[in-house]
Amino acid sequence: MRESIHPAYGPVVFRDRAADYTFLTRSTLSATAGGRTIAWEDGRTYPVVDVEISNVSHPFYTGTARVLDTAGRVERFERRYGKRGGS
């Protein structure tokens, strides 16, 4: 790899404020943390990036997602506006 063309890749803590959940991983976002750091469980200090949603707070993963009744919507549309077609 060529030097100085790739972003810095290192450990970063992502913090989901909505669910009060943090996890440590590696990312290129360490430079965009804006100087904010957090002390991790291992005693080291890492840059922290706040995220709005993660797998802990996303409705799809938590099972609180609403299932839409698409068949009912189609039938209601056909009742309201009538079936149109070549038949």
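Color by secondary structure and follow the protein chain from the N terminus: the elements run β-β-β-β-α-α. That makes two helices and four strands, where helices (H or I, at least four residues) and strands (E, at least two) are DSSP runs numbered from the N terminus. What you're looking at is a predicted model, in which local features need pLDDT of at least 70 and side-chain atom pairs count only at pLDDT 80 or more, while totals for chains, interfaces and linings use all residues. Residues are numbered from 1 along each chain as its sequence is written, and side-chain values use heavy atoms, with hydrogens and water left out.

Next, select strand S4, residues 45-51. Which way does strand S1 (residues 10-16) run beside it? The two are parallel, joined by four bridges; strands count as paired if DSSP finds at least two bridges between them. Click Val 13 and you'll find its bridge partner in S4, Val 48.

S3 and S4 form a hairpin with five residues between them. Stop in the turn at Gly 43, which has a positive phi of about 90°.

Last stop: helix H2, residues 70-81, where Arg 76 sits. Zooming out, 17% of the protein chain's 87 residues count as buried.

Notes
Buried < 20%, exposed > 50% of the residue type's maximum accessible area, 1.4 Å probe, protein only.
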